[in-house]
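My notes follow in the order I took them.

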Amino acid sequence: MFCEKCGAQIPDDAVFCPKCGYKVGQSQGNSGGSPSQGQTVQVVAPPDAQELKCPSCGAPLKPQFGEMVITCEYCGASICLNTNGWKNIEKNSMLPLKIPDQDSLVNVLKGYMDRGLLRRHLEEESKLEQVSLAYIPYWVVTVSARTQYTAVSEASTIGTVAGSVALMSLMGGAMGGRRGMGMGMMDGALMGGMIGGGMGMGGGNLRAYTYDQNYNYPVVAVKGLLEYQPKDFSFNLDERIPFDISKVPKGIKVLNGEIGEDAAKYEAKTYVDQLQSQKVHQQHHMVQKIVTQDDVSDPELIHVPVWFAKFSYKSKEISIVVDGNSGKVINSIGLNEDKKL
């Protein structure tokens, strides 16, 4: 049959025209048998299904080996494979692209010169070899972390950093519940946090502390991009909008993922525990005991426009990954070694 809008020949069972995106039968009402608007289909197929139908528009989906997250190329709805089979993802959002082309990206990278990331001589002597842009799926996992530890007393310094410090006694068990943590904003993946000094332990200068932080931790859902996994980064979630395939500029790929929700929650917890430990050791030099407890919420899928820029510099390769929404550097490979030059 032919598209009612552009006239292109399309498969008889097509739901959307692959050329112009027009929804087949739109002028005659929804005749594709897809769920009505607002209807939620929790499980659309068993785990071993090799061919699926999009729960939103009914378009055919064919998961490739290993894929855990699939985004419909016709309507943008996403589904995920878990232990109960394939299900639609209720929270699926995207960030708008604000760095629209290569020239804009180069200007952003030049802005980092002499600001600790790129040295001017590096930018001038390196050669831009490759640039690419794609919408990458990330799981955003909300994690509330409480780290309890003992260390040699530097409480006065810690108290100054924390601002209004609430003393929490580990020995007296007077910490109360997990909620009500401090929410002061800081850079990185964390949403907010507070550090508190406990009472002395009677053993020299040893004191007990708690360190609370809330994170919206992003976990990349594509195994092939794990080397670019953010370590201490947060996306600008205030700008996220419901995922809409029509808002993805033409020619930009939207990748599927191989990492599911459960794996993302595990990875987020692992990364957060490492971050908590790093931040504690930045505050104290003699940490003797450290235990972190986490509250991990169900993740949210978000598609982010990501630029990948590869430079050659003195026979070395440097890769820089830039958030196409905020312009912030998500990660880099080869740059740290160059800083030693």
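Is Lys87 buried, partly exposed or exposed? I looked up its relative accessible area and found 22%, so I logged Lys87 as partly exposed. The cut-off for buried is under 20%. I kept in mind throughout that the model is predicted.

**Entry 1: the whole chain.** I counted secondary structure next. The protein chain has five helices and 15 strands. It runs to 341 residues, and 44% of them count as buried. I then checked how far contacts reach along the sequence. Taking contacts between residues at least 6 apart, I found that 68% join residues at least 24 apart. The accessible surface comes to about 17,800 Å². Carbon and sulfur atoms hold 49% of that surface.

**Entry 2: the sheet around Lys87.** I went back to the strand that carries Lys87, which is E5. E5 belongs to an open sheet of three strands, ordered E3-E4-E5, with antiparallel pairing. Strand E3 (69-71) and strand E5 (85-88) are the edges. Each has a single partner strand, so one side of each lacks a neighbour in the sheet. From one strand to the next, the twist averages 25 degrees. I looked at the E4 to E5 pairing in detail. Strand E4 covers residues 78-82 and pairs with E5 in the antiparallel sense over four bridges. Which residue of E5 is the bridge partner of Cys80? I found Lys87 there.

**Entry 3: the salt bridge of Lys87.** The side chain of Lys87 also meets that of Glu261 in a salt bridge, at 3.7 Å from N to O. The two residues sit in distant parts of the chain, 174 residues apart. Lys87 lies in strand E5, and Glu261 lies in helix H4 (residues 261-283). I compared the cover on each end. Lys87 is partly exposed at 22%, whereas Glu261 is buried at 16%.

**Entry 4: other salt bridges.** How many salt bridges are there by this rule? I got nine. One of them joins the side chains of Arg240 and Glu300, at 2.8 Å from N to O. This pair, too, links distant parts of the chain, 60 residues apart. Arg240 is in the loop between E9 and strand E10 (241-242). Glu300 is in strand E13 (residues 300-313). Arg240 is partly exposed, with a relative accessible area of 34%. Glu300 is buried, at 14%.

I also noted Asp244 with Lys247, where the closest N and O atoms are 3.2 Å apart. Both ends fall in the middle class here: Asp244 is partly exposed at 24%, and Lys247 is partly exposed at 47%. I then found a network. Lys269, Asp273 and Asp294 are joined by salt bridges that share partners.

**Entry 5: strand E9.** I looked up a pairing partner and found strand E7 (residues 127-152). E7 and E9 pair in the antiparallel sense over 15 bridges. Which residue of E9 is the bridge partner of Val152? I noted Leu206.

How values were computed
Residues numbered from 1 in each chain as written. Predicted model: local features only at pLDDT ≥ 70, side-chain atom pairs only at ≥ 80, totals over all residues. Heavy atoms only, no water. Buried < 20%, exposed > 50% of the residue type's maximum accessible area, 1.4 Å probe, protein only. Contact = heavy atoms within 4.5 Å. Areas by Shrake-Rupley, 256 points an atom, 1.4 Å probe, with all protein chains shown as cover. Pairing = 2+ DSSP bridges. Axes fitted to C-alpha atoms, helices over the stretch in contact; angles between N-to-C directions. Salt bridge = Lys/Arg side-chain N within 4 Å of Asp/Glu carboxyl O.
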